[in-house]
Amino acid sequence: MMKLILASNNAKKMKELRAILSDMDVEILSQREAGCNFEVDETGTTFAENAYLKAKAVFDATGEATVADDSGLMVEALGGEPGVYSARYAPGEHDATDKERYEYLLKKMGDTENRKAKFVSSICCLLPDGRIIRTEGECHGRILTEPCGEGGFGYDPVFMPDGYDESMAQLGTEVKNKISHRAHALAKFKEELRKTDGIDK
Ligand code: IMP
């Protein structure tokens, strides 16, 4: 069975990636399970560049098919911020928590009327035959004025997807994994990968 390594050290993101890819006939390993105990510097200026950097580092170390997700939140009224800096968006230099980050975002937004935002996920997969698969997915919605719910991770408590009246953190894993940016990007990825014989159920 083909191995697929997920290039991420974010436990909650890993869990979502595993769940969304669970219908594929591949053996899924985390970066750590594959023996890569390093963090890749996200020096790119786009989601696609950072996804490639993460996938490449783990692919070079293992030689196995590797998939990476680089993702973030883009808020219209903030000119696309926090964007590629979503994981590092906070005042000061210390390692902030998710809560500190979404509180910082809410503070920056104040009572701004335009609450439109979207999550973006860029997927990059490097395959041993030299192919590179790149896909992208989005989830559109609005920024709430206060956090709601405990599920998910990152900015989920302050993001309400279009068509729903609960935050992403309230909707639950099953719904999130159908409508999220990551779900859309991975659906396209699976379609591309299916073109390789013998790796889909
Ligand atoms: P990455 O690991 O560099 O891709 O960082 C992604 C960051 O974007 C995370 O740390 C979160 O802050 C945010 N983010 C990405 N995907 C999601 C999501 O599904 N829900 C909430 N926040 C997310």
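Buried here means under 20% relative accessible area, exposed means over 50%, and partly exposed lies in between, with a 1.4 Å probe and protein chains only. The model is a predicted one, in which local features need pLDDT of at least 70 and side-chain atom pairs count only at pLDDT 80 or more, while totals for chains, interfaces and linings use all residues. Residues are numbered from 1 along each chain as its sequence is written, and side-chain values use heavy atoms, with hydrogens and water left out.

**Around Asn177**

Asn177 belongs to helix α5, residues 173–179. Helices (H or I, at least four residues) and strands (E, at least two) are DSSP runs, numbered from the N terminus. Now display the surroundings of Asn177: apart from neighbours within four places in sequence, Asn177 has contacts with Glu16, Ala19, Ile20 and Ala183. Contact means heavy atoms within 4.5 Å.

Next, select α1 (11–21) and α6 (181–193). Two packed helices are described by the angle between their axes and the distance between the axes. The axes of α1 and α6 come within 10 Å and cross at roughly 45 degrees. Axes are lines fitted to C-alpha atoms, for helices over the stretch in contact, and angles run from 0 to 180 degrees between N-to-C directions. The two helices, α1 and α6, are therefore oblique to each other; angles under 35 degrees count as roughly parallel, over 145 as roughly antiparallel, 65 to 115 as roughly perpendicular and the rest as oblique. The crossing of α1 past α6 is right-handed. A crossing is right-handed if the near helix is turned clockwise from the far one by less than a right angle, and left-handed if anticlockwise. To see the contact itself, show Lys13, Glu16, Leu17, Ile20 and Leu21 on α1, together with Arg182, Ala183, Leu186, Phe189 and Lys190 on α6.

Is Leu21 buried or exposed? At 0% relative accessibility, Leu21 counts as buried. Beyond four places in sequence, the contacts of Leu21 are with Leu4, Leu6, Ile28, Leu186, Phe189 and Lys190. The C-alpha atom of Leu21 is separated by 15 Å from that of Ser121, 100 residues away along the chain.

Then colour the largest nonpolar core, which has 20 residues. A nonpolar core is a set of buried Ala, Val, Leu, Ile, Met, Phe, Trp, Tyr and Cys residues joined through side-chain atoms within 4.5 Å. The residues with the most contacts inside this largest core are Leu4, Leu6, Leu21, Val67, Cys125, Leu186 and Phe189. Two or more residues of this core come from each of β1 (3–6), α1, β4 (116–126) and α6, and α6 gives the most, with 5 residues. A second, separate core has 17 residues, among them Leu105, Ala117, Tyr155 and Val158.

**Two loops**

Which residues does Arg32 touch? Select Arg32 in the loop between β2 (27–30) and α2 (47–62). Not counting residues up to four places away in sequence, Arg32 touches Asn9 and Asn37. The C-alpha atoms of Arg32 and Ala7 are separated by 8.6 Å, although the residues are 25 residues apart along the chain.

Move on to Pro82, in the loop between β3 (66–75) and α3 (98–109). A cis peptide bond joins Glu81 and Pro82, with omega at about -5 degrees. Gly83 also lies in the loop between β3 and α3. At 5% relative accessibility, Gly83 is buried; leaving aside neighbours within four places in sequence, Gly83 is in contact with Phe47, Gly72, Leu73 and Met74.

**The cysteines**

Finally, select Cys139 and Cys148. How many disulfides are there? The count comes to 0 disulfides, where a disulfide is a pair of cysteine sulfur atoms within 2.5 Å. The closest cysteine sulfur to that of Cys139 is in Cys148, at 16 Å, which is too far for a bond. Cys139 is buried, at 5% relative accessible area, whereas Cys148 counts as partly exposed, at 26% relative accessibility.
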